[in-house]
Amino acid sequence: MPNNPERPRRVNIASEGPLLVEGPVEVVDDEGVVHVSRRFQVAICTCRRSRALPWCDTSHRRRGKPADAVNTATADRSDNEEDTP
């Protein structure tokens, strides 16, 4: 689908994930290399963990929970437990 004023290109921002862009697309990286995809939708990596940059390979899913979230979850669980004899 060509990009035109009647139907602009749609970009969806995924929370803690890639940018989802209606294709086909050309992405120019920071070294000036042009990457082309003819797919109907592409996922562009924003976390820089992908081994297939600029395309997302879901590497962001392998990231562990931040330490604060783990500590908060542990504290919440401890507060809700009753003392047992």
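## Strand-and-helix briefing

His60 counts as buried, because its relative accessibility is 16%. Here buried means under 20% relative accessible area, exposed over 50%, and partly exposed in between, using a 1.4 Å probe and protein chains only. The model is predicted: local features need pLDDT of at least 70, side-chain atom pairs need 80 or more, and totals for chains, interfaces and linings use all residues. Numbering starts from 1 along each chain as its sequence is written, and side-chain values use heavy atoms, leaving out hydrogens and water.

**Overall make-up**

- The chain holds one helix and five strands (DSSP runs numbered from the N terminus: H or I of at least four residues for helices, E of at least two for strands).
- Read from the N terminus, the order of elements is β-β-β-β-β-α.
- The chain has 85 residues, and 20% of them are buried.
- Among contacts (heavy atoms within 4.5 Å) with a separation of 6 or more, 19% link residues 24 or more positions apart.
- Accessible areas follow the Shrake-Rupley method with a 1.4 Å probe, and for residues only the protein chains shown count as cover.

**Strand pairing**

- Strands β1 (residues 11-13) and β2 (residues 19-22) run antiparallel and are joined by three bridges. Pairing requires at least two DSSP bridges between two strands.
- Val11 faces Val21 of β2 across this pairing.
- Five residues separate the strands in the β1 and β2 hairpin, where Glu16 has a positive phi near 55°.
- Strand β2 also runs antiparallel to β5, with four bridges between them.
- Glu22 stands opposite Gln41 in β5.
- Glu22 itself belongs to strand β2. It is buried because its relative accessible area is 17%.
- Beyond four places in sequence, Glu22 contacts Arg7, Arg9, Arg10, Phe40 and Gln41.

**Core and Val42**

- Five residues make up the largest nonpolar core: Val21, Val25, Val27, Val42 and Ile44.
- Strands β3 (25-28) and β5 are the elements that give two or more residues to this core.
- Such a core is a set of buried Ala, Val, Leu, Ile, Met, Phe, Trp, Tyr and Cys residues joined through side-chain atoms within 4.5 Å.
- In soluble globular proteins, nonpolar side chains tend to be buried together.
- Val42 lies in strand β5. Its relative accessible area is 5%, so Val42 is buried.
- Leaving aside residues up to four places away in sequence, Val42 touches Leu19, Leu20, Val21, Val25, Ser37 and Trp55.
- Val42 and Pro18 are 24 residues apart in sequence, and their C-alpha atoms are 9.2 Å apart in space.

**Surface patch**

- Val28, Val34 and Val36 form a nonpolar surface patch, with about 250 Å² of accessible area together.
- Patch residues have over 30% relative accessible area and no salt bridge; like charges are joined within 9 Å, nonpolar side chains (Val, Leu, Ile, Met, Phe, Trp, Tyr) within 5 Å. A salt bridge puts a side-chain nitrogen of Lys or Arg within 4 Å of a carboxyl oxygen of Asp or Glu.
- Val34 sits in strand β4 (residues 34-37). With a relative accessible area of 44%, Val34 is partly exposed.

**The loop between β5 and α1**

- His60 is placed in the loop between β5 (41-44) and α1 (67-80).
- Outside four places in sequence, His60 touches Glu16, Gly17, Pro18 and Cys47.
- Arg48 is in the loop between β5 and α1, and its phi is positive, near 65°.
- Arg48 is exposed because its relative accessible area is 58%.
- Thr58 lies in the loop between β5 and α1 too. Its phi is positive as well, near 70°.
- Thr58 has 30% relative accessibility, so it counts as partly exposed.

**Cis peptide bonds**

- Gly23 and Pro24 are joined by a cis peptide bond, with omega about -5°. Pro24 is in the loop between β2 and β3.
- Leu53 and Pro54 are joined by a cis peptide bond, with omega about 10°. Pro54 is found in the loop between β5 and α1.
- Most residues other than glycine have a negative phi, and most peptide bonds are trans.
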